[in-house]
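I opened my notebook to look up some charged pairs. Here is what I jotted down, entry by entry.

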Amino acid sequence: MTTTGTPLLQVENLRVHLPTGSRTEVEAVSSVSLAVRRGERVGIVGESGSGKTVTGRAIAGLLPTSPRVRVQGSIRFDGREMVGAPPKAWDQVRSRTVGMVFQDPLTYLNPVMKIGRQVHEAIPPGRQRSGENGDVLHFLSLAGLENVRELAQRFPHELSGGMRQRVLIAIAIAKMPDLLVADEPTTALDATVQQRVLTTLDETVAELDTSLILISHDIAVVAGMTDRIYVMYAGHVVESGRTREVLEKPEHPYTQALLRSVRSLTEDGVELYSIPESLRASWARKEEARAS
Amino acid sequence: MLLEASNASKTFRARRGGTSVDAVVNANLQARPGDFVAIVGESGSGKSTLARMLLGLIPATSGSVALDGTDLASMSKTQRIRYRRTVQAVLQDPAGSLNPRKTVGRIVGEVVRLHNIARGRDAVVDTVAETLELVGMVPAASFLGRFPHELSGGQRQRVLIARAIVLGPRIIVADEAVSALDASVKAGVLQLMDDLRRRLGVGYVFITHDLPVVKKVAEYVYVMKSGEIVEEGTKDQIFTAPEHPYTTTLLSAAPTLAASYGPPE
């Protein structure tokens, strides 16, 4: 990992407003700054509602294109500013630079299209190497799938949850992106399947030398996969640093409380700990004050 | 009081031409008020089907589910109503189990009215408010008029628990009741369940694939695989000396913080 030069992705003071009703809106992301270097693996952790998913979608250019969805701040790929960039520029980024893996593969796979074709569609023209079929089978096996020849002829509903998630990974890497954004890729899966999918993700990213942003509410999942970690709370990044350091010596009271509750669920002899609402309210106020 | 499944099996008949599926095969399980019993296994292992059989939502194909020796299948209508009150359910997806068009007050209130727990508008509201406070939704008055979408995930799960305990059940079958929640919220709901056990003597049949949680709260564990209970024992037996290879696999798959510092080498 190099620490000099322009990072692959640089996000500064990202702020996103989303409409919640015909006249109301919510500030889903208030102030997020983060950077991802080539080959680096970065985690974003936070609870539901912390803004981590919206951040991931903003980076992948997948927020709805409505004038009421307001994205402010800066998102730069290799120094190229994408906030306010024309749709054509985003098309390029989405087709070459960023790949995305979602939580719920069934929603993101076409139910009436065979697996092989869905993978093929994702390979950009001009990048096909070993013929249509060969490429498809290559990416399916890269994503840890077996019997790929037969699999390519099947439909999504014929696969198990873990296999579908691997197909999504195959589709995401088929364009050989510089950066893979994985949003809760294993949250819907059982522990044993989760472990296999994480191993697949780990190996695939290493094989292709792709950078990774792994978004999850499960700190244990992010801890095992990333070099650095950003902790989000109420739309703000409250703490960031090397994964190990943040987990061993958390500085922000929210990170400390979050880790305490995670430990209380997994370690023996520790009483269950849930973060009190009063503490939450006081952090939210502090972050507001700090940002403005 | 004893809720007992004896050689309970469930076979789902296939559509024409297909093979039928043995979702649960000869399951034997016991649960009592005050117990914290867990059923663990992956998706497809049959644990949710077994839960639905325990709740009397689907009949056993063979074998029986019985409360104090009375087979569910042979219960009269009144016995069934009493069974419903005694054995209640808390399910996984609070958003999906709550009617989005009804307020919290109505959601819990209609159960109170249906089972004649209280009569008259004021008495019903009082009962609902008391129950909401019992599950930690304080002050109850501020939640009565809210709709499910105005609540957080943890609060919704509390409403589901309130709706179950308002009937004064002795045993609650909780199917993945905390699986979808964030760590802190999960800890809060588990605390609540344990608290209700101490205060009201409720017993739980807790169905989950979340092993750390089982280790934390359960006393007795059943491990299911492919429809069969492959191992059972006290929590300590299962976690320190698992006998079935599948149990070992399950145990080693759960990611923990301590085990996963830093990227894999």
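Which side chain meets Glu184(A) in a salt bridge? I found Lys52(A), at 3.8 Å, N to O. (A salt bridge is a side-chain nitrogen of Lys or Arg within 4 Å of a carboxyl oxygen of Asp or Glu.)

Glu184(A) lies in the loop between β7 (179–183) and α8 (191–208) of chain A and Lys52(A) in helix α1, so this pair ties together parts 132 residues apart in sequence. Helices (H or I, at least four residues) and strands (E, at least two) are DSSP runs, numbered from the N terminus.

A note on the source: this is a predicted model, where local features need pLDDT of at least 70, side-chain atom pairs count only at pLDDT 80 or more, and totals for chains, interfaces and linings use all residues. Residues are numbered from 1 along each chain as its sequence is written, chains are lettered from A and ligands numbered from 1 in the order in which they are written, and side-chain values use heavy atoms, with hydrogens and water left out.

Next I checked burial. Glu184(A) has 6% relative accessibility and counts as buried; Lys52(A), at 5%, is buried too. (Buried means under 20% relative accessible area, exposed over 50%, partly exposed in between, with a 1.4 Å probe and protein chains only.)

I then looked up Glu47(A), whose side chain meets that of Arg280(A) in a salt bridge of 2.9 Å, N to O. Both residues are buried.
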